[in-house]
Amino acid sequence: MTIVLPEFGEAFRRSRGRNVRAGLQRGVGLQDHNLAEQLHQDKLYNKAMELAQNRTVLTEQNRMNLYLILRFGFDSLAAGHIVEFGTYRGGSALFMAAVCKELYPDMKVYAFDTFEGMPPTDPQRDLYRAGDFGDAEFEDLLEIIEREKIENLHLVRGRFEDTAEDALKNIGAVRLSHIDCDIYTAVKYSYDISRKYMVDGGYWVFDDCLYADCMGAMEAVEELTIQRDGRFAEQVFPHLVYRNWP
Ligand SMILES: C[S@@+](CC[C@H](N)C(=O)[O-])C[C@H]1O[C@@H](n2cnc3c(N)ncnc32)[C@H](O)[C@@H]1O
């Protein structure tokens with residue numbers, strides 16, 4: 001189905017490492033225009049959502065924005081895969097894999113999680129505690145992947161800090177890093193490890209750092225993307241999106 005994005009004119013283009021126009025089209029489109037209504041009629045969005053809906057804690061708007069990035073923000077010829085840090089019961093990973101399977105047959109989604117809940121957290125920063133999200137039902141997720149033939153989704157089980165470095169050496173180029181792990185150390189690690197492999201124009205989507213219960217996640221984003229790397233957000237609604245342009 002054709003989806004019409006709102007138009008904000010050519011003046012809003014790339015500046016300070018982000019595409020202002022693209023951020024406005026998605027963010028304002030979801031907030032103030034009829035993009036959500038259009039997506040409710042979109043066959044691929046609905047198909048992917050059906051797969052994800054009982055296994056995700058993502059809000060509908062965040063899921064919609066991921067869809068808009070996948071559908072309109074990727075150059076179909078460019079290289080790179082998707083990595084997700086924080087997969088829990090697999091909802092957002094299944095969603096992205098189902099969309100990519102139709103749009104980008106060579107692209108894979110690598111989903112990192114302990115699949116048995118949060119590791120120890122920092123009590124001075126994080127509201128979540130070790131073991132939260134412990135009901136991931138990993139075996140059920142494997143069954144769904146097999147039954148629905150989502151061959152482009154690969155689960156990487158364990159703490160990111162123990163798995164991601166070696167995994168990323170094999171994965172290679174990254175086009176999108178979906179960071180949804182809620183706590184300071186994990187968000188920090190995820191951003192940094194994916195930064196080494198991010199292609200030009202690639203995306204960091206921080207799912208949770210604007211939520212009241214994820215102050216540690218926000219601190220990590222402020223510290224690394226804003227203060228250390230001097231990045232400016234491409235989008236602040238419904239979640240924070242940064243790009244990898246000089
Ligand atoms: C909010 S949940 C992810 C939600 C998921 N994206 C969805 O669609 O519902 C956060 C997850 O991050 C994982 N996590 C946090 N820190 C981690 C770490 N250092 N290593 C592995 N997993 C981690 C937790 O196990 C938890 O499952």
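A crossing of two helices is right-handed if the near helix is turned clockwise from the far one by less than a right angle, and left-handed if it is turned anticlockwise. The exercises below concern a predicted model.

**Exercise 1. Describe the packing of helix α4 against helix α5: state the orientation, the handedness and the residues involved.**

Solution. 
1. Helix α4 covers residues 60–72 and helix α5 covers residues 91–103; their axes lie 11 Å apart and form an angle of about 25°.
2. Angles under 35 degrees count as roughly parallel, and α4 and α5 are therefore roughly parallel to each other.
3. The crossing of these two helices, α4 and α5, is right-handed.
4. On the α4 side the contact is formed by R63, L66, Y67, L70 and R71, and on the α5 side by S92, F95, M96, V99, C100 and L103.
5. Sorted by class, this contact of α4 with α5 comprises eight nonpolar, one polar and two charged residues.

**Exercise 2. Characterise helix α8 and its packing against α7.**

Solution. 
1. Helix α8 (residues 184–195) has 12 residues; the distance from its first C-alpha to its last is 17 Å, close to the expected 16 Å.
2. Its buried residues are Y184, A186, V187, Y189, S190, Y191, I193 and S194.
3. These buried residues of α8 pack against β3 (81–85), α7 (160–171), β6 (174–179), β7 (198–206) and α9 (215–228).
4. For α7 and α8 the angle is about 10° and the axes are 11 Å apart, which makes α7 roughly parallel to α8.
5. In α7, F160, E161, A164, E165 and L168 meet A186, Y189, S190 and I193 of α8.
6. By class, the contact of α7 with α8 has six nonpolar, one polar and two charged residues.

**Exercise 3. Determine whether A220 is buried or exposed, and list its contacts beyond four places in sequence.**

Solution. 
1. A220 belongs to helix α9.
2. The threshold for burial is 20 or more other C-beta atoms within 10 Å; A220 has 26, so A220 is buried.
3. Beyond its neighbours within four places in sequence, A220 is in contact with Y184, V187, K188 and Y191.
4. The C-alpha atoms of A220 and T185 are separated by 7.4 Å, although these residues are 35 residues apart along the chain.

Methods:
Residues numbered from 1 in each chain as written. Predicted model: local features only at pLDDT ≥ 70, side-chain atom pairs only at ≥ 80, totals over all residues. Helix = DSSP H or I, 4+ residues; strand = E, 2+ residues; numbered from the N terminus. Expected span 1.5 Å × (residues − 1). Buried ≥ 20, exposed ≤ 12 C-beta atoms within 10 Å, placed from the backbone. Contact = placed C-beta atoms within 7 Å. Axes fitted to C-alpha atoms, helices over the stretch in contact; angles between N-to-C directions. Parallel < 35°, antiparallel > 145°, perpendicular 65-115°, else oblique. Nonpolar A, V, L, I, M, F, W, Y, C, P; charged D, E, K, R; others polar.
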